[in-house]
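My entries follow in the order in which I checked things.

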Amino acid sequence: MIAYNLEKLRKELPSGVKLVAVSKFHPFEAILEAYGEGQRAFGENRPQEFASKAVQLPFDIEWHFIGHLQTNKLKLVLPYASLVESIDTLHLLEAVNAWGEKNSKTISVLLEVHIGAEETKQGFTPSEIAAVLMMTGDFPFVRFRGLMGMASHTDDEEAIRGDFARIKALYDECRAAHPELADFDQLSIGMSDDWRIALDYGCTEVRIGTAIFGNREY
Ligand SMILES: *Cc1c(COP(=O)(O)O)cnc(C)c1O
């Protein structure tokens with residue numbers, strides 16, 4: 001089933017859009033099955049599970065951290081993450097930069113935008129994002145790669161489109177205002193239920209779990 005789901009997704013995704021397979025709560029075997037089909041980018045949202053998978057699974061997997069990150073958990077995530085997609089406070093950003101300095105590693109990040117999804121309170125508001133991007137010089141060990149966002153959890157397609165349109169407009173504004181951030185070029189929006197819609201709003205990455213691995217058992 002995993003192989004079939006991946007193949008179907010790959011046929012529909014435009015070539016410029018990266019597929020991150022969200023494997024949270026799924027066992028190693030599921031990840032290895034997707035890996036066997038050539039999938040290399042995986043996303044996890046819990047630090048302990050992230051670290052345990054990253055150290056035990058093939059070394060050439062590209063691990064994306066997509067969950068809430070507390071500053072006392074950085075050592076479980078930052079050594080292995082190729083992209084931390086869920087930077088949601090200035091405090092976290094400062095801690096990530098300090099960790100990077102101490103460990104001589106530059107950490108690639110996305111800033112999480114809070115626009116849709118009422119059920120999560122995580123993420124910066126658009127004006128906070130604008131403020132953070134004025135201070136990037138204070139974070140030499142952080143590479144600002146773009147924005148991550150979630151649409152409201154609803155069946156109302158117009159509401160989802162509204163959320164994605166606002167995130168995309170913010171992304172475009174950030175890029176226009178900060179040409180010095182040469183690799184601020186990633187827009188991570190779109191999950192199992194709304195990734196087709198996200199394609200209409202210029203996403204460069206989709207994060208898909210259920211539509212690849214099936215339902216999660218919490
Ligand atoms: C779980 C999760 C996903 C994937 O959700 P699905 O609906 O299973 O595709 C994407 N992004 C984030 C931030 C998540 O936590």
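Which backbone atom lies 2.8 Å from an oxygen atom of the ligand? I found that it is a backbone N or O atom of Gly-209, and I count this as a polar contact, meaning a pair of N or O atoms within 3.5 Å.

Before going on I noted that this is a predicted model, in which local features need pLDDT of at least 70, side-chain atom pairs count only at pLDDT 80 or more, and totals for chains, interfaces and linings use all residues. Residues are numbered from 1 along each chain as its sequence is written, and side-chain values use heavy atoms, with hydrogens and water left out.

I then looked at the side chains: an N or O atom of Ser-192 is 2.5 Å from a ligand oxygen, and a polar side-chain atom of Thr-210 also lies 2.5 Å from an oxygen atom of the ligand. Taken alone the ligand exposes 390 Å², of which the protein buries 90% (Shrake-Rupley method, 1.4 Å probe).

For the surroundings, I listed residues with a heavy atom within 4 Å of the ligand; among them are Val-22, Lys-24, Met-150, Arg-207 and Arg-216. The shell divides into five nonpolar, three polar and three charged residues, where Gly counts as polar, Met and Val as nonpolar, and Lys and Arg as charged.

Last, I turned to the whole protein, which has nine helices and eight strands (DSSP runs of H or I, at least four residues, and of E, at least two). I also noted that its C-alpha trace spans about 45 × 40 × 30 Å along the principal axes.

Conventions: A polar contact is a pair of N or O atoms within 3.5 Å; within protein, one must be able to donate a hydrogen and the other to accept it, and residues adjacent in sequence count only if both atoms are side-chain atoms.
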